[in-house]
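Try each task yourself before you read its solution.

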Amino acid sequence: MPLVKKIDYDYPKWLFNGHLQTIIPGLFRTSLALPFERERVITPDGDFLDLDWLKNGSKSLTIISHGLEGNSRRPYMVGMAKHFFQNGFDVLNWNYRGCSEELNKKPIFYHSGATYDLDFIINHAAPNYDSLYLIGFSLGGNLTLKYLGEKRERNPKIQKGVAISVPLHLESSCEKISTGENILYSKRFLKTLKEKVVRKSMQFPEEIPTGILRKIKTLQDFDDYYTGPLHGFRDAHDYYEQNSSLYFLKNINISTLILNAQNDPFLSDKCFPISLGRKLDAVWMDFPKYGGHVGFSPRKKEDIYWSEKRAFEFITGNQ
């Protein structure tokens, strides 16, 4: 069975490079009006998570995880949710800690390897369903793959997983997004992350000092001073090494798709492990030449985004 597939994404010709394929859908794709039902759940440590449900009365549920500084209502999240909802699935888009309209109650935030929250959400949702499917974008893709590859007890209802635009190797991808023409992306993320730190420091001034914010110039700096230490890691390097999903792929034993565009400005060369893919029994890797980061815009505005069609095709049985 071929585990590395060559599938061509037919991109709009006016989006002629990875930056345009990333930026245009990110800025100009409109979020659709869908009948989401909001639920707030309390985590085992007394924090909360906000969930957005779409319910058809189906026995199959798709759980979708967003990217860095995203949320459940981002257009790419809603677009994926709509495609599955319109095809009969129930859908759950969930917000990480501090990513909905209200800051979470604990000093910790979310991070690329916080699978304890994903596990909690899965087990919260599972009793009403016969089958569960996981989809993650970017950071959420890393979270999904790490979860599927961890040596842990997982809910047996999980059938398949899909990870889109996923930084399999966190450190090298963080370095790539923080240099050259890509630095504009990291500055955008840093702006909102720093704003969140300032707000959180009002709740937890001792745990989250703000005096070091002036020292932070890159995402790696942020992870060195905040993400790593707040979540129990020595520094950014330790955080990246313990949470990069690349190291967990060999343990995945359910059918899983990784969809990464080769011109994704966020991803390093280590995010395209073709030689590893050929050795794996359950992981499919699609690395089209084009698509950007969480892009994959259709050629016609009214068409379904290619990543949504590809994810649905994979989950419904056609590898």
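**Exercise 1. Classify the two ends of a salt bridge.**
Decide whether lysine 13 is buried, partly exposed or exposed, and then find its charged partner.

*Solution.* A note before we start: the model is predicted.
Step 1: Buried means under 20% relative accessible area and exposed means over 50%, with partly exposed in between.
Step 2: Lysine 13 has 47% relative accessibility, so it counts as partly exposed.
Step 3: Its salt-bridge partner is aspartate 10, and the closest N and O atoms of the two are 3.9 Å apart.
Step 4: Aspartate 10 has a relative accessible area of 43%, so this residue is partly exposed too.

**Exercise 2. Follow a salt bridge across the sequence.**
Which parts of the chain does the pair of arginine 40 and glutamate 102 tie together?

*Solution.* 
Step 1: Check the pair: arginine 40 forms a salt bridge with glutamate 102, with 3.2 Å between the closest N and O atoms.
Step 2: Arginine 40 lies in strand S2, while glutamate 102 sits in the loop between S5 and helix H3 (115-125), so the pair ties together parts that are 62 residues apart in sequence.
Step 3: Arginine 40 is partly exposed at 40% relative accessibility, and glutamate 102 is partly exposed with a relative accessible area of 34%.

Now try a second pair: are arginine 97 and aspartate 47 buried or exposed?
Step 4: Their side chains meet in a salt bridge, 3.1 Å from N to O.
Step 5: This pair also links distant parts of the chain, with arginine 97 in the loop between S5 and H3 and aspartate 47 in the loop between S2 and S3, 50 residues apart.
Step 6: Both arginine 97 and aspartate 47 are buried.
Step 7: Finally, look for shared partners. One network of salt bridges joins Arg38, Arg40, Asp50, Asp52, Arg73, Glu101 and Glu102. The count of salt bridges in the model comes to 20.

**Exercise 3. Describe strand S3 and its neighbours.**
Find out how many residues of S3 are buried and which strands pair with S3.

*Solution.* 
Step 1: Sort the side chains by direction. Phe48, Asp50, Asp52 and Leu54 point one way, whereas Leu49, Leu51 and Trp53 point the other way.
Step 2: Take one neighbour. Strand S2 (residues 37-42) pairs with S3 in the antiparallel sense over 6 bridges, and arginine 38 has aspartate 52 as its bridge partner.
Step 3: Look at the connection. S2 and S3 form a hairpin with 5 residues between them, and glycine 46 in the turn has a positive phi of about 90 degrees.
Step 4: Take the other neighbour. Strand S5 (residues 90-94) is antiparallel to S3, with 4 bridges, and valine 91 in S5 stands opposite leucine 54.

**Exercise 4. Compare two phenylalanines.**
Are phenylalanine 28 and phenylalanine 222 buried or exposed?

*Solution.* 
Step 1: Phenylalanine 28 is found in helix H1 (residues 18-28). Its relative accessible area is 60%, so it is exposed.
Step 2: Together with it, Ile23 and Leu27 form a nonpolar patch on the surface, and the three have about 320 Å² of accessible area together.
Step 3: Phenylalanine 222 is found in helix H7. At 5% relative accessibility it counts as buried, because that value is under 20%.
Step 4: See what surrounds phenylalanine 222. Beyond its neighbours within four places in sequence, it is in contact with Leu190, Leu193, Lys194, Val197, Ile216 and Thr227. The C-alpha atoms of phenylalanine 222 and lysine 194 are separated by 8.5 Å, although the two residues are 28 apart along the chain.
Step 5: Widen the view to H7 (residues 219-230), whose buried residues include Leu219, Tyr226 and Leu230. Among the elements that cover the buried residues of H7 are helices H5, H6 and H8.

**Exercise 5. Explore the nonpolar cores.**
Which residues touch the most other members of the largest nonpolar core?

*Solution.* 
Step 1: The largest nonpolar core has 62 residues, and Trp94, Leu249 and Ile258 touch the most other members.
Step 2: A second, separate core of 31 residues includes Leu54, Met80, Phe137 and Phe314.

Methods
Residues are numbered from 1 along each chain as its sequence is written. This is a predicted model: local features need pLDDT of at least 70, side-chain atom pairs count only at pLDDT 80 or more; totals for chains, interfaces and linings use all residues. Side-chain values use heavy atoms; hydrogens and water are left out. Buried means under 20% relative accessible area, exposed over 50%, partly exposed in between (1.4 Å probe, protein chains only). Helices (H or I, at least four residues) and strands (E, at least two) are DSSP runs, numbered from the N terminus. Two strands pair if DSSP finds at least two bridges between them. A nonpolar core is a set of buried Ala, Val, Leu, Ile, Met, Phe, Trp, Tyr and Cys residues joined through side-chain atoms within 4.5 Å. Patches are made of residues with over 30% relative accessible area and no salt bridge: like charges are joined within 9 Å, nonpolar side chains (Val, Leu, Ile, Met, Phe, Trp, Tyr) within 5 Å. Accessible areas come from the Shrake-Rupley method with a 1.4 Å probe; for residues, only the protein chains shown count as cover. A salt bridge is a side-chain nitrogen of Lys or Arg within 4 Å of a carboxyl oxygen of Asp or Glu. Contact means heavy atoms within 4.5 Å.
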